[in-house]
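Biologist: Please take me through this model and, for each term that you use, set the value against its definition.

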Amino acid sequence: MDFTGRDVVSIRDLSKDEIIHILDHAAKMLPAAQGEKLSKVLNGKILATLFFEPSTRTRLSFESSMLRLGGMCMGFSDASGTSVVKGETLADTIRMAEAYADAIVLRHPHEGAAKLAADFSSKPVINAGDGAGQHPTQTLLDLFTIRTEKGDIADKNIVLVGDLKYGRTVHSLSYALSLFGASITCVAPPGLQMPPEIVSHMKQNGGKFNLSDSLESVIPGADVLYVTRIQKERFPDPEEYRKVEGAFRIDNALLANAKRSLIVMHPLPRVNEIAPEVDAGPHCRYFKQAFYGVPVRMALLSLILGKGGI
Amino acid sequence: MRDVKVTPIKNGTVIDHITPGMALNVLKIIGIPESGVHSTVSVLMHVPSQKVKWKDIVKVEDRELDKSQVDKIALIAPNASINIIRNYNVVEKHQVEAPTEVVGLVKCENPNCITNKPREPVTSRFSVVAHDPLRLKCHYCDRETVDIVKHLL
């Protein structure tokens, strides 16, 4: 399976077999991701990280991944120090990055930006989030977390809760989970349920799928509880946000009826949707999930730039 | 009433079998009204048709359409036929073709799509998800555009 030079714009660019290959490769990266083993697979390679929007985990874990593989990083975490403020187009910025680096990681506020970048660049482009659009490496690390922590993805009862309408993470994740035969339950406040086109994709993949508005009733059967933040910035109408703000809160009282083996995941950052008391309990996996971004992104970079070396 | 009393045109184009109600949008696509037009334009709306029950017809004298205009008409009137008239005779007649890809004709419905950002050197591009009614999926942002008339470029 050859990934050399490939763009990764959407999770749909990857087949199920290709996703499995990346996850298998990520598992082999764990010792190097933890600094227990040195890797020089990407020695001499340069990664451009172009972040037009704020990010903590995605940018740092991409940079950590590149450094852990012996490569180098350059880029920006805020477009205000670049020629973008002088009116430079994204297309021209990409042409420059392509000239200076071996691969480009892009986060941008406009949907479709990564596709445009991939069209303009002869070097591989990895989408690190384009507006409310795609964020494929988040999906890969979510799948890796479930597989690593639960042993398998197929037939697991996965409850997605929060903003399922505007949350890009849950759209890509639910699509991928349906490929793997997971059973998905969507719990959302009124008006924030999973969009019909995403549900239709899941059903086409043969996914088992339910909608619910009661978190309490679905907790006892859940293997994975995937919580998302209700993102104020994605709401076109502030009044709509105020109605649903704080609709769900995960705390120890709610989790008292859960299986002991239930894991709680969150793409982070969280605000109030998970109580801090859950952090120290047996269910918390969201910090580990954030760490898993490193082996997964190492695997992807190694496959795209380093012929899959470890 | 089956007979439609409209004078035949000597040279120009007759766009027949337009989806009822779309005649004015067809005029918009072919740039009418515009200054400097000295020929007759006839518009017939909600005309009985044996083939499609009801239809609109547009006749434009001294004008033949370019490919981009025909492609746009295909998006809003998929059953339309284009008749080229020279010296009162139909010299060419063809159905508009249902597209599989739509490039540079429609603006993406998603205001936050990169293709709607001013100055980016990018042409809108869609794949056709469904024909009746027409639904287009943006190559860049993946969103669907369904109100085609409103988003014609």
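**Architecture, domains and contacts**

Modeller: From the N terminus on, the elements of chain B run β-α-β-β-α-β-β-β-β-β-β. This is a predicted model, in which local features need pLDDT of at least 70 and side-chain atom pairs count only at pLDDT 80 or more, while totals for chains, interfaces and linings use all residues. Residues are numbered from 1 along each chain as its sequence is written, with chains lettered from A and ligands numbered from 1 in the order in which they are written.

Biologist: What makes a stretch of chain B a helix or a strand, and how many of each are there?

Modeller: Helices (H or I, at least four residues) and strands (E, at least two) are DSSP runs, numbered from the N terminus. The secondary structure of chain B comes to 2 helices and 9 strands. Its C-alpha trace spans about 50 × 35 × 25 Å along the principal axes.

Biologist: What makes S1(B) and S4(B) a pair?

Modeller: Two strands pair if DSSP finds at least two bridges between them.

Biologist: Why are S2(B) and S5(B) said to stand at the edges?

Modeller: The open sheet has 5 strands in the order S2-S3-S1-S4-S5 (chain B), with antiparallel pairing. Strand S2 (41–49) and strand S5 (89–95) each have a single partner strand, so one side of each is left without a neighbour in the sheet. From one strand to the next, the twist averages 20°.

Biologist: Where do the domain bounds of chain B come from, and what are they?

Modeller: Domain bounds come from an automatic or database domain assignment. For chain B the assignment gives domain 1 (12–95) and domain 2 (101–151). Their C-alpha centres lie 24 Å apart.

Biologist: How do you know that residues of these two domains are in contact?

Modeller: Two residues are in contact if their C-beta atoms, placed from the backbone, lie within 7 Å. By this criterion the contact takes 7 residues from domain 1 of chain B and 7 residues from domain 2 of chain B. Helix H2 (residues 67–76) of chain B provides the largest share of the domain 1 side, 5 residues.

Biologist: And how is chain A divided?

Modeller: Chain A has domain 1 (11–134 + 293–305) and domain 2 (137–290), with C-alpha centres 25 Å apart. There, 17 residues of domain 1 are in contact with 16 residues of domain 2. Helix H1 (16–33), strand S4 (125–130) and helix H11 (286–305) of chain A each give two or more residues to the domain 1 side, and H1(A) has the largest share with 5 residues.

Biologist: What makes a residue on that side of domain 1 of chain A nonpolar, polar or charged?

Modeller: Ala, Val, Leu, Ile, Met, Phe, Trp, Tyr, Cys and Pro count as nonpolar, Asp, Glu, Lys and Arg as charged, and the others, Gly among them, as polar. On this basis the domain 1 side of chain A that touches domain 2 divides into 10 nonpolar, 3 polar and 4 charged residues.

Biologist: Why are H2(A) and H11(A) called oblique?

Modeller: Helix H2 (residues 57–68) of chain A and H11(A) pack at an angle of about 50°, with axes 8 Å apart. Axes are lines fitted to C-alpha atoms, for helices over the stretch in contact, and angles run from 0 to 180 degrees between N-to-C directions. Angles under 35 degrees count as roughly parallel, over 145 as roughly antiparallel, 65 to 115 as roughly perpendicular and the rest as oblique. The two helices are therefore oblique to each other. Residues making the contact include A:Phe62 and A:Met66 of H2(A) and A:Val294 and A:Leu301 of H11(A).

Biologist: Which elements of chain A touch chain B?

Modeller: The contact takes 11 residues from chain A and 16 residues from chain B. Helix H3 (90–100) and helix H4 (113–120) of chain A each supply at least two residues of the chain A side; H4(A) gives the most, with 3 residues. By class, that side has 4 nonpolar, 5 polar and 2 charged residues.
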